[in-house]
Amino acid sequence: MSESHGVFVGNLNPSRGKEDLRHGLTCLLTSLGFSAVTEDDVEVKKKHRRAFGFIYFQCAEEQKQAFSNLSSLSEDSLILISQLQIVAENKGLKVDLKNDDHGQHRMEMGKSTKQVRNMAQHNMANHHSSNARCNSRPPDLLDFSKVPNETQRTDWPANRSSDYWLLGESIGTETRSLEFKKGDGNFLDVHLKKTVAKYICAFLNSDGGTLMVGVTDDGQVCGVSCDHRREDNVRIDIDSVIKGFRPQVFPSQYSVKFTPVLEQSILGDAPTNRKVLSITVHTPTDRHQGLYATPHGEVFVRRDGSVEELSASGVQEWCRRNYQKDLRVLQDRERQLLRELQDKEHREQQRLKELQDKDVSSQNYLQDLHVLQDREQQLLQELQDKEHRLKEVEKRLSSKSKVCVIL
């Protein structure tokens, strides 16, 4: 391409490497329809903590069209720039026309770019052979809207550690117990407290759940810009909101976690200044405490994919249904206890009958014993009488024998 037809781009992110910035600008131009532009057509320079670049085109018409498109970026392009993080924080992309000649320098830059890119691809291949989790997404593709569905991560949290997230990865869809908020712009400063009050109240009045800030509605991780100081302030804001709930919410009922967001590039995973905020309400153990209300007296419940605020009549209906439910539970418990009591009484009666039967048997045994003892005494007396009579007979026989001898 001709070096005379160039577009200047300023306010690039100085914390990113030149390779990443070249790759990000190429992805941006591809999304704008300039598919013929390669990384060899992009030149990035850094000077005095600033980063800027030049993009070269084949003709003046492409140059002007690119300048026009870059000067009035659409919302999708701005989202892509945010995901690529190629623009300095709190600044917009600066665009201007460049018409001077950079021939020799441009050729040298093209050769060095190819050498660096080949070396980076070689290192990337070694990196992927030792780190299997990077295989879930193409490492040289940063336009996340073009990632095939079958390569995106959708198995969280079953087979995935949540110690970090990858920028642009998919973590599934919203459910009754999972809510996503993108959290872009001034969300943490303006909308966080209201969102926390609404969704944490709904999760407390349901079966618990998790609010994730830094995830788009379709489940892609984008993160929110958050340093350590801002993280501390966010924690304080969350605690101040939850402390105002009625009845009181104890610290053991919820948890707050900031998870770092990493970015995949041709050189491997790189840290960013973005994090995903997760506020988890644990499954309630006490169902008889009533409805929770926000500090402003609002009452929310969780539906599938939405949150509903209960009116006064809704609260009454909720209380009536839960009262009937609790009443049925108590009635079932009462019937169960009654059956257990009846079973216990039946067992006691059987035991008492067995004891009575044993007592009757004992009494009969004692009576039989007395009868036998009386019979024994009777037989003994009869025996003694017979012995006495026998002695008398022997005595008479002895006296008759002596008379016979004298005669």
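**Ground rules.** I am working on a predicted model, where local features need pLDDT of at least 70 and side-chain atom pairs count only at pLDDT 80 or more, while totals for chains, interfaces and linings use all residues. Residues are numbered from 1 along each chain as its sequence is written, and side-chain values use heavy atoms, with hydrogens and water left out.

**Sheet.** I took helices (H or I, at least four residues) and strands (E, at least two) as DSSP runs, numbered from the N terminus. I counted two strands as paired if DSSP finds at least two bridges between them. Strands β1 (residues 6-12) and β3 (residues 50-56) run antiparallel and are joined by five bridges. I then followed the open sheet of four strands, which has the order β2-β3-β1-β4 and antiparallel pairing. β2 (42-47) and β4 (94-98) are at the edges with a single partner strand each, so one side of each has no neighbour in the sheet.

**Helices on the sheet.** For directions I used axes fitted to C-alpha atoms (for helices over the stretch in contact), with angles from 0 to 180 degrees between N-to-C directions; contact means heavy atoms within 4.5 Å. Helix α1 (residues 18-31) packs on the sheet and touches β1, β2 and β3, at about 135° to the direction of β2. Helix α2 (residues 60-71) also packs there, touching β1, β3 and β4, at about 165° to β4.

**Salt bridges.** I required a side-chain nitrogen of Lys or Arg within 4 Å of a carboxyl oxygen of Asp or Glu. The count comes to twelve by this rule. One of them pairs Glu 263 with Arg 16, with the closest N and O atoms 2.9 Å apart. Glu 263 is in strand β9 (residues 254-265) and Arg 16 in the loop between β1 and α1, so the pair ties together parts 247 residues apart in sequence. I sorted accessibility as buried (under 20% relative accessible area), exposed (over 50%) or partly exposed in between, with a 1.4 Å probe and protein chains only. Glu 263 is buried at 2%, and Arg 16 is buried at 10%. I also noted a network of salt bridges linking Arg 16, Asp 20 and Glu 263.

**Glu 179.** What does Glu 179 form with Arg 302? I found a salt bridge, its closest N and O atoms 3.0 Å apart. This pair links strand β6 to strand β11 (residues 300-303), 123 residues apart. Both Glu 179 and Arg 302 are buried. Glu 179 also meets Lys 181 in a salt bridge at 3.9 Å, N to O; Lys 181 is partly exposed at 22%.
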